[in-house]
Amino acid sequence: MVFGDRFVVSSMQIRFGDGTGLYPDSPSKTISDIGEIISGGKRYSAGGATAADFNKDGNIDIALLYFNDIVEHSEIEYTSVLLGDGTGNFSTTEDWDKFLLNRGPVDSVAGDFNKDGCLDLAASNRYSNNISVLANSWNSSFLPKQDFNIGKQPLCLTTGDFNDDSMLDIAMTNCDDGNVIVLINNSGASNIPDTYTVIFDKNGGDTEANPATKNVKEPATCVDILPNEPTRTDYTFSGWWTGNGIADDGIGVDGGEGWGTVFLANTAVHDDITVYAKWVKKPSDSTISPTSAIFDKYSSSENYKDIVVTITSQSTTISAIKNGAIVLSEGTDYSVNESKVTINKSYLELQANGYMTLTFDFSEGTDQDMVITINDSTPSSSGGGSHYRPLGVTWSKIPEGTPGKPFSHKFSATGGSSPYKFNVTKGSLPKGLSLEKDGTFSGTPILPGNFTFTITVTDNKGRTSSREFTNIVKLGPKQKIITLTIDSTQATIDGQPYVLDAAPYIDTNTNRTHIGIRFVSEALGANVEWLNASRQVNIKDKDKELVLTIGEKEAKVNGQRVTLDSKSIIQPPGRTFVPLRFVSETLGATVDYDEINKIITIIR
């Protein structure tokens, strides 16, 4: 309950209810000199308090009417809004500070007079013989007043739909006339903001944009964030455009014939519109032949010669040729003549015996590798031949891995003396994979990425040889990746930012991570239902059904009872939190936690 002491001390008192409808012993709060607070030091008297959520933040605000009590019946009277924070404290901002009224404002009432979803304000002006209506500018401020001259000395106001037309009307008492007048609302809700729909057409893509439509509601002017991109086999997505690529569709040629203009997150939207995915054909990979060769440092050997490589080009060019991290020099180490690349023997003579991988880096498409075996069959000074075959790790292209899918590969060696032992001497393997001494490289990868590491083989004489490899772990075509951070509301789904209304946290009693159930389940494609009567959460995903009960450490998975590490609970602002790993792994997702950065990664 709010009291405005207009004629004495210009103060406001708030008495907090105890839930019984009575206030005798309830707590109270007094804000003194309310007129001075609002007007920046000038003496005003305040009254006519109305409580409502004007800025739509879920907290009750207070609109006050006040006038200059030094100049009687001043022509300059105002209303201001004190914004509540939900704890009984109030403050004003520049947007809600002063709104002009007429002489002698005495009463006010809040209502959505133009049906735009935001509460407006009406005030009775006793000495101007009229009322003023201030429309709410879509929960950001009040628009300038509209005055309605009606009756003499209007005092008390109330609202209601008095003629049953679904529009809110205003009734008032008039002091001098001694009557009640109803002001019928015939605005027709003309201030309802326009909403425009943007359709994101996949335009031949294999998958849809997510979401495929977005709404722009005034006063917003753009979509702000573009949807997740669609995909198309053998094509690269090249943005959203106002045309669909058909040259004779009448749309301009800014993006090429028929593509119109590019549509960005900040492109102004003033009407319903369809934009189209633009696709660019991926170039086919260039190839090299041969992919392996032998070079012998013995000048009398038939393999003591330049190595010539034939390039089958797909409209691409060679950007570089690399030996590990070292870039070969054109003209010194190799030469190019149309489709032929010659690796000079003068370069090969300088390389260590064993195996060398040259990587042909093309301007587009996939790089191509060539393995060259470097031998030296030069006879020894004693006249005998050199028969030792140098030890080396056999080069092989490691297949790509997929998070959550079993993976296996086998490294091997040649030369030296078997048996061999393998180990990692530099770099890191993908998380979830390990290397056995016999060269078996296996496990289930957890996170995507490019992982470069060095494998060293040791033979039974203690000799060693090393080779660098790269293992690529990529998301599957239908996999989603979700990232969250402990105690942060920032999250991502497939790289797109999302803001949570409640942050994940670690339960200090059980050391288990809890998260809002609706976000993680729906992000993984499951359906979530809250059963209020039984205080349960029901999660359905394909052939699985999970039921969790608030306050219990037991859940059901397809009807079977399962014991949890910690309870499901409700946390502010009324969100259900559950053990993250149980829900994610029960729904078939892979979960990883980076303890250093406190980042949770979920992939399915």
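The mean pLDDT of this predicted protein model is 82, and 85% of its residues reach 70 or more. pLDDT is the predictor's confidence in each residue, from 0 to 100. Residues are numbered from 1 along each chain as its sequence is written. Because the model is predicted, local features need pLDDT of at least 70 and side-chain atom pairs count only at pLDDT 80 or more, while totals for chains, interfaces and linings use all residues; side-chain values use heavy atoms, without hydrogens or water.

**Confidence**
- Helix α1 (residues 34–39) has the lowest confidence, at a mean of 47.
- Strand β34 (residues 433–435) has the highest, at 96.
- Residues 69–74 stay under 50 in pLDDT, and the model gives them eight contacts beyond four places in sequence. A contact means heavy atoms within 4.5 Å.
- Residues 248–255 are also below 50, with 16 contacts beyond near neighbours in sequence.

**Overall build**
- The protein has four helices and 51 strands. These are DSSP runs, numbered from the N terminus: helices are H or I with at least four residues, strands are E with at least two.
- Of the 604 residues, 40% are buried. Buried means under 20% relative accessible area, exposed over 50%, and partly exposed in between (1.4 Å probe, protein chains only).
- Among contacts between residues at least 6 apart in sequence, 49% join residues at least 24 apart.

**Nonpolar cores**
- In soluble globular proteins, nonpolar side chains tend to be buried together.
- A nonpolar core is a set of buried Ala, Val, Leu, Ile, Met, Phe, Trp, Tyr and Cys residues joined through side-chain atoms within 4.5 Å.
- The largest one has 30 residues; among those touching the most other members are Ile-482, Phe-519 and Phe-582.
- Elements giving two or more residues to this core include β38 (481–485), α3 (517–523) and α4 (580–586).
- α3 gives the most, with four residues.
- Beyond its neighbours within four places in sequence, Phe-582 contacts Leu-546, Leu-548, Ala-555, Val-557, Val-562 and Leu-564.
- A second, separate core of 21 residues includes Ile-288, Phe-295, Met-356 and Ile-374.

**Surface**
- The protein exposes about 31400 Å², and carbon and sulfur atoms supply 48% of it. Accessible areas come from the Shrake-Rupley method with a 1.4 Å probe; for residues, only the protein chains shown count as cover.
- Phe-162 lies in the loop between β13 (154–160) and β14 (169–174).
- Phe-162 counts as partly exposed because its relative accessibility is 44%.
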